[in-house]
Amino acid sequence: MKKITRRSFLTVCGAAAAAAALTACGGSASSAAASSTSAAALSGNVAAGGSTSMKNVIAALTEGFAEVEPGVTVSYDPTGSGAGITGAADKTLDIGLSSRALKDDEKADVEGTTIALDGIAIIVNNASKVEDLTVDQLKQMFTGEITNWSEVGGDDGEIVLIGREAGSGTRDGFESIVDVKDSCKYAQELTATGAVISAVEANPLAIGYASLSAVGDTVKMVTVGGVECSEETVKDGSYEVQRPFVFVTNKSVALSEQAQAFFDFATSADAADLIRTAGAVPVNE
């Protein structure tokens with residue numbers, strides 16, 4: 001795990017201290033602060049990309065970081081977790097974003113740092129009568145063993161399974177946790193979290209999965225084993241269908257100064273409220 005220096009915060013504190021010292025000596029505090037801050041200010045771009053589920057979290061972190069280092073631009077390319085890991089490995093990204101833990105064969109070139117936890121919400125159409133499902137029922141539904149909503153307490157109708165595309169971190173997380181890896185009978189495989197939510201919203205017979213941070217009131221989240229998907233249940237581990245949000249970095253090269261500053265900011269306690277506001281569960285606070 002990369003060391004958290006919190007450099008940007010120390011820079012600001014250092015500027016303030018210098019200003020105070022100069023004022024005590026009869027100098028100009030504003031001039032000293034401006035000079036120190038200007039000398040230490042960062043600029044340039046931080047290339048980040050990968051998980052589409054991390055969109056809201058990255059947006060919140062980027063906005064917060066801009067207040068600390070306004071000269072740095074953080075770009076975000078939502079290409080999926082697999083592409084984020086590959087981008088970090090081949091050095092086309094400073095920071096890859098993955099909404100799943102790294103696999104053993106990926107750890108040779110990159111390392112992962114968990115910045116937050118995310119519940120994978122099980123979503124149905126707002127018109128559905130189903131309120132709760134067990135992990136075993138989910139397994140039977142997504143593998144085609146249970147095919148009608150009436151078998152799980154809903155109205156008569158064929159279950160329509162909506163999922164993510166191969167390589168998606170959300171899909172990998174859901175299928176691994178529910179134990180349906182590579183055996184789901186999807187009616188649709190979509191390339192973004194928002195697309196899954198829209199498909200379930202439009203079809204009274206649909207069921208899908210999506211990041212807790214992305215789910216609004218256009219669909220209904222069912223409880224799993226009687227436990228709702230929330231920040232509290234994800235953090236205490238009682239909600240079963242959850243996964244990490246991970247920053248992925250290359251082991252063989254050091255991050256640029258501006259990328260390290262963003263990494264430090266995102267993994268510090270100061271970013272906890274931003275992560276929480278974005279709908280995820282911070283791990284550093």
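**Close-ups of a predicted model**

**View 1. A salt-bridge network takes in Glu-231, Lys-235, Asp-273, Arg-276 and Glu-285.** This is a predicted model, and these five side chains belong to its set of 15 salt bridges. Zoom in on Arg-276 and Glu-231: their side chains pair up at 2.9 Å, N to O. Arg-276 sits in helix 10 (residues 272–277) and Glu-231 in helix 8 (residues 231–235), so this pair ties together parts 45 residues apart in sequence. Arg-276 is partly exposed, at 27% relative accessible area, and Glu-231 is partly exposed too, at 22%.

**View 2. The largest nonpolar core has 42 residues.** Among those with the most contacts inside it are Ile-122, Phe-142 and Phe-174. Looking past its neighbours within four places in sequence, Phe-174 touches Ile-120, Ile-122, Phe-142, Val-180, Tyr-186, Tyr-209 and Val-241. A second, separate core of 28 residues includes Met-54, Ile-58, Phe-247 and Ala-261.

**View 3. Helix 3 (residues 55–68) crosses helix 9 (residues 257–266) at roughly 115°.** Their axes come within 10 Å, and the crossing is right-handed. Helix 3 brings Leu-61, Thr-62, Gly-64, Phe-65 and Val-68 to the contact, while helix 9 brings Gln-258, Ala-261, Phe-262, Phe-265 and Ala-266. By class, that's seven nonpolar, three polar and no charged residues.

Terms used:
Residues are numbered from 1 along each chain as its sequence is written. This is a predicted model: local features need pLDDT of at least 70, side-chain atom pairs count only at pLDDT 80 or more; totals for chains, interfaces and linings use all residues. Side-chain values use heavy atoms; hydrogens and water are left out. A nonpolar core is a set of buried Ala, Val, Leu, Ile, Met, Phe, Trp, Tyr and Cys residues joined through side-chain atoms within 4.5 Å. Buried means under 20% relative accessible area, exposed over 50%, partly exposed in between (1.4 Å probe, protein chains only). Contact means heavy atoms within 4.5 Å. Axes are lines fitted to C-alpha atoms, for helices over the stretch in contact, and angles run from 0 to 180 degrees between N-to-C directions. Helices (H or I, at least four residues) and strands (E, at least two) are DSSP runs, numbered from the N terminus. A crossing is left-handed if the near helix is turned anticlockwise from the far one by less than a right angle, and right-handed if clockwise. Ala, Val, Leu, Ile, Met, Phe, Trp, Tyr, Cys and Pro count as nonpolar, Asp, Glu, Lys and Arg as charged, and the others, Gly among them, as polar. A salt bridge is a side-chain nitrogen of Lys or Arg within 4 Å of a carboxyl oxygen of Asp or Glu.
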